[in-house]
Amino acid sequence: MHPSKLKFIVLSLFCAYIFLLLPWSGFALKIRPDFVLLVIIFWLIRAPNLCNVGIAWLVGLFVDLATGGTFGQYALAYTITAFFAVSYQKRLVLFNGTQQLFYVFLLLLISQVVLLMLKTFSGAHFMGWVYFAPSFMGVLLWFIAVLCGLNTGGRSRGK
Amino acid sequence: MRRFNHKLEQQQAPAFFVRGPSAFARLAFFSTLSLVLMATDARLQYLASVRQSLQTLIHPLQLLANKPSQIYRDVDEYFTLHNNLIDENQRLKQHALQQDIALQKLNTLAFENDNLRQLLQANKAIVESSIVAEIMHVGRDLFTKKVIVNRGETHKVVAGEAVVDATGVIGQVTRVYPLSSEVTLITDKSLAIPVQIERNGLRAIAFGHGRDNTLDLPYLPINVDIQRGDRLVTSGIDGVYPAGLSVATVSQIEITPDSPFARIVCVPTGGIENHRQVLLVSIPQVEAMPESAIESPAKLDVRPINAQAKPPKIPKPIPPPKPNNTSKPHASE
C-alpha cells in the first residue's frame, strides 16, 4: 500500500463532508445521497488496513455535528455499516460489478435502517418510503463513479 | 493442565497481517462508545460545550460550503433587469408610505397608551429588542424541522428567543453556537406555542405536526367555537413570544363521533420556507410589579399586561395561565 493513501483518504473524506455541508433544501435534501458514507465504504473496500471501523465512527461523529442531532447516532450507524463492509471485504473483492453494486446498496440501507431505528426511539415519525431514496441515489452515484473509471475493486470489469 | 494450554495456543490462526483487534471487537467497542455518547447527550448537559466548540471549528467549512450558492445568488442579483428594480423600488416606496402613516398613528396610540397606563398605575408595556438574522441553511436532519441562522452567542442571541418574519412567527431559537444558532420551526413536532383565536380570544396550544408543514390544535372539545379561516395569534402568556403575533390560520376541522376532541389543522402564516431574513425577538423582561397594582382589584382588569411577565415572576393574586401550573403547588404541599 502507498503511504500517501492516508492523505487521499483524509482529502476525499473532507470533500465529501463539504458536499454534505452544501445548503441542500427541499426535495434535493430528501434524496441527497450520503456522500460521506459512500467515501467511507470505498476506502473500507480498498484499504481496510488504513480506513477501518474507528475512522467510520469518528467521521460519523462529525456528521452528527453537522446534522445537529444527538451525538452518536450517525456514529453508531456508520460503525455498524463499516463492520459489515470490513467483515465481507475479502469476498467483496471477488464480486463482479453488479454484485458489488447490490452489496453497496445493502450497506447504505443498513446505515439508514439503523438511523431510522435510533430516530424512532427518540420519538420521530417514519416519513414514508421516500426516506430510503438516498440509498438509491447513493448506489447510482457509485455506478456513475465506476463508469467514469473509478477502480472500486470489482472483479470482472473490462474482461 | 499445562498440556491443555499448549494445545489451545496451537489452535490459534497464524496472523499473516498485523491488523490490530478484530472487526467484531472494534464494532463492540465503538458501538458502546456511541451508545454512551447518545445517552450522555440526550439526558445530561455535559456535551453542550463540546458541541459548541466543535461547531466553531466547522463554521469556516460551513461558510465555504455556502459560498457557491451565495455567489450564484449575487451574480443573479447583479444581472436583474433594470425594469424589475424600478418596479420593486416603486412598490417598496408605496409600502413605506403606507407604513409611515400607520407608524404615525402608532406613535399617537403609544403616547395615549402610556398616559392611560400611568392613570391606572399599571406596569410599563414590555419592549422587546430584536436582532436581524439571515437563514444560512435548512437543517439536515429530515426528522426535524429546523433552520440555522447566522447570528449566535457573539451577537447576544439567547436560547429561547422567538423567531419572527414579516408575516408571522416561524419558530424559536433552541441552540446557540458562537457564530450561528439553531431555530426549531413551529411545524416541528417538539415545539408547542400558546395561541389565542383572534376572533373570540379562545386560548389553546398549537403543536407542530412534524411531517407536513401544518400545526395541530389538540385537546379542544368538539363543541369549541372555531371556524375555518380563524386566525391564531400568540397569546403572550408563556413569556417567550410577544403577544399578538400572527401564527397560523385554521384550514380544516374534523369531528369524528368516536372522539371527544376535534381534529383541527392549521396552516402557518409565516413564510416558513420562503424568507431569508428573520427577526430574533428577545425574551420579554419585566421588573417586579409595584405592590399597589396587585392589591387593588380594579387593576386586575389589566390582565394581558401582567400576564406577559415570565411565569415565575407573576405574583400570587393573579391565577397562572395553565391549569397544570395551578395543580403543582397543591401536589407539593
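Strands β1 (residues 130–138) and β13 (residues 277–281) of chain B pair in the antiparallel sense over 5 bridges. Helices (H or I, at least four residues) and strands (E, at least two) are DSSP runs, numbered from the N terminus. Two strands count as paired if DSSP finds at least two bridges between them. Within this pair, B:E134 stands opposite B:Q277 of β13(B). The model is predicted: local features need pLDDT of at least 70, side-chain atom pairs count only at pLDDT 80 or more, and totals for chains, interfaces and linings use all residues. Residues are numbered from 1 along each chain as its sequence is written, while chains are lettered from A and ligands numbered from 1 in the order in which they are written.

Strand β13(B) also pairs with β3(B). The two run antiparallel and are joined by 3 bridges. Here B:V164 stands opposite B:L279 of β13(B). Strand β3 (residues 162–165) of chain B in turn pairs with β4 (residues 168–176) of chain B, in the antiparallel sense and over 4 bridges. In that pairing, B:A162 stands opposite B:Q172 of β4(B).

These pairings belong to a barrel. In chain B, 6 strands close into it in the order β1-β2-β5-β4-β3-β13, with antiparallel pairing. From one strand to the next, the twist averages 45°. Axes are lines fitted to C-alpha atoms, for helices over the stretch in contact, and angles run from 0 to 180 degrees between N-to-C directions.

Chain A has 8 helices and 0 strands. From the N terminus on, its elements run α-α-α-α-α-α-α-α. The radius of gyration of chain A is 15 Å, close to the 15 Å that the globule rule gives for 159 residues, so chain A is as compact as a globular protein of that length. This radius is taken over C-alpha atoms, and the globule rule is 2.2 Å times the number of residues to the power 0.38. Along the principal axes, the C-alpha atoms of chain A fill a box of roughly 50 × 30 × 30 Å.

One helix pair of chain A is described here. The axes of α1 (residues 5–21) and α4 (residues 53–67) of chain A come within 11 Å and cross at roughly 20°. The contact is made by A:L13, A:Y17, A:L20 and A:L21 of α1(A) and by A:V59, A:F62, A:V63 and A:A66 of α4(A). Residues are in contact if their C-beta atoms, placed from the backbone, lie within 7 Å.

Key. Two residues are in contact if their C-beta atoms, placed from the backbone, lie within 7 Å.
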